[in-house]
Amino acid sequence: MKKLKNTVGELNTMIMAGEIAKAFEKYYGENVIIQVNGNSPVSGKEANRKREMIFLKEIEKLNSAEIKSVTFGGEDDNVSMTEWEINIENKAGEEKTIYRVNVQHWKDDQIINERLYFCGDQKF
């Protein structure tokens, strides 16, 4: 569990520093499955990279990324959950605060499955 806590800490530090794409490359497995809210899951790193790039292209500036809570568990102590409050600005200068929870299943220091739960309307 301590190793997972350290790995999640490193991932979250990269995200808070705005190194989202770099963190994705380092910590997400090639066959990762990511599901956003109740939408259909997206399988594979390449397909999820494309999905993530669409989101990142809309962001002009990361004003802040704050972790509200982190918890760990799962049958094999391989699950982390991070609650985020993220303030971003788009290219039109509009600011928005995003509230989300990432539920991540890990294997061999890589995320193999992730579910993202957003609170309310999280689109620009």
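This is a predicted model: local features need pLDDT of at least 70, side-chain atom pairs count only at pLDDT 80 or more; totals for chains, interfaces and linings use all residues.
Which residues of helix 2 are buried?

Helix 2 covers residues 20-27, and helix 1, covering residues 2-16, packs with it. Two packed helices are described by the angle between their axes and the distance between the axes. For helix 1 and helix 2, the angle is about 155° and the axes lie 8 Å apart. Angles over 145 degrees count as roughly antiparallel, and helix 1 and helix 2 are therefore roughly antiparallel to each other. The crossing of helix 1 past helix 2 is left-handed. On the helix 1 side, Thr7, Glu10, Leu11, Met14 and Ile15 make the contact, and they meet Ile20, Lys22, Ala23, Lys26 and Tyr27 of helix 2. Sorted by class, this contact has six nonpolar residues, three charged ones and one polar one.

Now back to the opening question. The buried residues of helix 2 are Ala23, Phe24 and Tyr27. Looking down the axis of helix 2, you would find these buried residues within an arc of 105°, so they line one face of the helix. What do the buried residues of helix 2 pack against? Their partners are helix 1, helix 3 (45-57), strand 1 (28-36), strand 5 (95-107) and strand 6 (110-118).

Helix 3 deserves a look of its own. Helix 2 and helix 3 pack at an angle of about 170°, and their axes are 11 Å apart. That angle makes helix 2 roughly antiparallel to helix 3. Here the crossing is right-handed. The contact brings Ile20, Ala21, Phe24 and Glu25 of helix 2 together with Lys45, Asn48, Arg49, Glu52, Met53 and Leu56 of helix 3. In this contact of helix 2 with helix 3, five residues are nonpolar, four are charged and one is polar.

Isoleucine 20 takes part in the contact with helix 1 and in the contact with helix 3. Is isoleucine 20 buried or partly exposed? Buried means under 20% relative accessible area, and isoleucine 20 has 21%, so it is partly exposed. Leaving aside residues up to four places away in sequence, isoleucine 20 touches Met14, Ile15, Glu52 and Leu56. Valine 42 is 22 residues from isoleucine 20 in sequence, and their C-alpha atoms are 18 Å apart in space.

Terms used. Residues are numbered from 1 along each chain as its sequence is written. Side-chain values use heavy atoms; hydrogens and water are left out. Axes are lines fitted to C-alpha atoms, for helices over the stretch in contact, and angles run from 0 to 180 degrees between N-to-C directions. Helices (H or I, at least four residues) and strands (E, at least two) are DSSP runs, numbered from the N terminus. Angles under 35 degrees count as roughly parallel, over 145 as roughly antiparallel, 65 to 115 as roughly perpendicular and the rest as oblique. A crossing is left-handed if the near helix is turned anticlockwise from the far one by less than a right angle, and right-handed if clockwise. Contact means heavy atoms within 4.5 Å. Ala, Val, Leu, Ile, Met, Phe, Trp, Tyr, Cys and Pro count as nonpolar, Asp, Glu, Lys and Arg as charged, and the others, Gly among them, as polar. Buried means under 20% relative accessible area, exposed over 50%, partly exposed in between (1.4 Å probe, protein chains only). The arc is that of the directions from the helix axis to the C-beta atoms.
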